[in-house]
Every structure is written in structure tokens, then in C-alpha cells.
Amino acid sequence: MREPSAEVIINIDNIRNNIIYLKSLLNPNTNFMAILKANAYGHGLNKIAKEIDDIVDGYGLVRLEEALSVREYTSKKILLMQGIYNTDDLDIALEKNLDVVVHNRNQLFVLDSNNINFWIKINTGMNRLGFNPKEFDLIYKEKNLDNKKFILMSHLACSDNRMDKLNNKQFRLFNKIADSINSNFLQKSIANTGCILNFPEECHHWVRSGIGLYGGVVGNNELVPAMTFRSRIIEIRHIMKNDRVGYNGRVIAKKDMKIAIVYAGYADGFPQSTKDKTTVIVNEYKAEIFGQISMDLISVDITNVPNCKIGDWCTLWDESNTNIAKDNNLISYELMTRITPRVKVIYKNL
Ligand SMILES: *Cc1c(COP(=O)(O)O)cnc(C)c1O
């Protein structure tokens, strides 16, 4: 056996199929922006950009460095969602043809540049970033936006919950503001993945989809996770009734048992808070986490897994086992983005 290491396997076909499915829900005129922030939600920025460039209309990033990296692979639209913080970065954005978000007064200098493509973010109820409607009105006049082409954007707080009343409140306010300004010069963008799935009629000119690409949406069978996280079993031991396992001796064997020690831990990005009985897969069989997650190791109850041996794989999550998040009060976004650099990344279907 080679030196073992935790690894993630990224299935590019799944990402492409997820995009094709999401696009099938949209009006054909709607542009599809793939959100690749945070290293493509942990899936590897450059590889993903290269492999989906033919089926998307643009990319959304948060860090300038990431936007520049993606620019090497595409001539399509790239939106720098954090916006610009100084004139040096504005020059870079102009040179590399990046679109930039303007979401507060400190960024208004961007509007004085004639050649920059900009998006103005308004706050419609999430109360995180963006101009409040009155402030936007003032800026609209102050900066003569009547004569400028831009994209009006906002972000939804609860789009994954169709029943939450905040959704319609945000849509109403967003559309009202858009209707009040010169529509000849305007495009609109409010939709994230949840909006595409739950409110396709509110998708307008640009959707900004992240989690849907990677299949991390809960409760939709068409979107398939693209990430498998696994590592090898490096030890198997028999323990006796009443033996305790791992730090703090958190678990106590109720009977004689067989456990596997898997070579992955919280230093690889597997959550330390994972509870006992969380399901993982060993040789196609379900097995349960048994004991506290260590920095490098996870202990798993394999009493009922036949023929298990050192070197076998333990799959922590993949497209058939997606319950880790739900069972541990975590979200798929966090699980994907917390994979650490020491984990080996392998691409399938390149
Ligand atoms: C992250 C992000 C998105 C993507 O949201 P998903 O729920 O992952 O689809 C869209 N817009 C903005 C501004 C974001 O920051």
C-alpha cells in the first residue's frame, strides 16, 4: 500500500449535469453565472472553470486573486462579488475585464470610471450587504445612473425555504426598485440556487448559482453531489464489552465489537463535532462513527461489515451518503469548503 491519505474525488460529469438541469428550469434568455468562490466550494477553482466554460455565461468570485486565476481559463464574464477597495485594484479589474459589485459608499469611486462593468447591490431584507432603497435613490441621482448601463442585484436570505414570507417581500421590493429606474440600461439579478429551484419566475437576466453546481442542495433528487470524501482504514481492532474508544473515552462498547481506524480527521476537514452513529460507508456497507473525531483519525464500528481489512476504503460522504450534514446540524456548504489542503484531490471524467 502506498502512503495513505484522505482524498476527495470530484466528478466533473455530475457538475456539468447539475448545471444542465438548473438551466433547464430557466427561461433560455436567462444568463447562468457559476459561483466559484471559496475555491469552487472546495472543488478546485481552475479545474472547474476549465471544464464548465462551454455551458455557463460567467463566473462569480469573491477574492480578486481567484478572479484573476479564473481569467486565465475564460473570456466570459467574471464578477468580483466583494467589489473593489482601491484604485489599484480598479485598474486591475479594468485590465482583466472583471465586472465589480458596488455595495457601499466607499466603493462609489468605481462609478466614476467609464469603462468598468458594474453591478449595484441593494439590500432588500437580508440586511447584510447592499444599499438600502433610499440610499440607492440618492446615489442613482448623485451618480447620474440614468445614463449608465448596470446590473441591479440583491441576495435572498431564505430562498431554500419556499414558504418563508421574506422571499416575496424581497422580490416585491427588488422589482419595485427596478421598475422605478430607467429599464433600458438595466439588467436584474437576485437568484441563487434556491431561487432557481423554488422561484424560477424570479430569475430575470442573471442567476448566480453555487451550491446547485456541486449538488449540495437538500431535498432535490435531480442535483447530484460531485464530491466523494474518503480515506483508507489503517487499523482494525477487536474490543471488549465496556472498553472505551478515543479521546475522553467518549464511547463505551456495549458488547464485544470490531472497529476500524480510518486515516482522516478534523485536520482533513471532517467535522470534529460529528456525532456517534453518523453513517459512513465501508465496502458498500453502512457503518457508524464510534468515538470522538481526532485530528488524523476516525473510529468506525465495523462489527457488521464482512471481510473488512486494512487498506479498505471508508467513504465519509459521497452521492449516496449525504446525511452527514443533516445528522450533525451542519450545512453542505460548510462541509465542502472546509476540506483542507493536505487532502489529495482527484478529478473524474475530465
Ligand atoms: C454565494 C453567493 C451566491 C450563490 O449562492 P448559492 O446558494 O450557493 O447558490 C449567489 N450570490 C452571492 C452574492 C453569493 O455570495
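Trainee: How far does a polar side-chain atom of Tyr41 lie from an oxygen atom of the ligand?

Mentor: First, a heads-up: this is a predicted model, where local features need pLDDT of at least 70 and side-chain atom pairs count only at pLDDT 80 or more, while totals for chains, interfaces and linings use all residues. Residues are numbered from 1 along each chain as its sequence is written, and side-chain values use heavy atoms, with hydrogens and water left out. A polar contact is a pair of N or O atoms within 3.5 Å; within protein, one must be able to donate a hydrogen and the other to accept it, and residues adjacent in sequence count only if both atoms are side-chain atoms. For Tyr41, the distance to the ligand oxygen is 2.6 Å.

Trainee: How much of the ligand's accessible area does the protein cover?

Mentor: On its own, the ligand has 390 Å² of accessible area (Shrake-Rupley method, 1.4 Å probe). Of that, the protein covers 92%.

Trainee: How many residues surround the ligand?

Mentor: Lys37, Tyr41, Thr193, Ile211 and Tyr333 are the closest. The shell splits into 6 nonpolar, 5 polar and 3 charged residues (Tyr counts as nonpolar, Lys as charged). Altogether, the number surrounding the ligand is 14.

Trainee: Which are the edge strands of the sheet?

Mentor: Strands are DSSP runs of E, at least two residues long, and helices are runs of H or I, at least four; two strands pair if DSSP finds at least two bridges between them. Here 8 strands make an open, parallel sheet in the order β8-β7-β6-β5-β4-β3-β2-β9. The ones pairing on one side only are β8 (186–189) and β9 (206–209).

Trainee: What is the bridge partner of Ile120 in β7?

Mentor: Look at β6 (residues 118–121) and β7 (residues 150–153), which pair in the parallel sense over 3 bridges. In β7, the partner of Ile120 is Leu152.

Trainee: Which residue with a positive phi follows α5?

Mentor: At the start of α5 (residues 87–95), a side-chain oxygen of Asn86 comes within 3.1 Å of the backbone nitrogen of Asp88. After the helix, the residue with phi near 55° is Asn97.

Note on methods:
A residue is near a molecule or strand if one of its heavy atoms lies within 4 Å of it.
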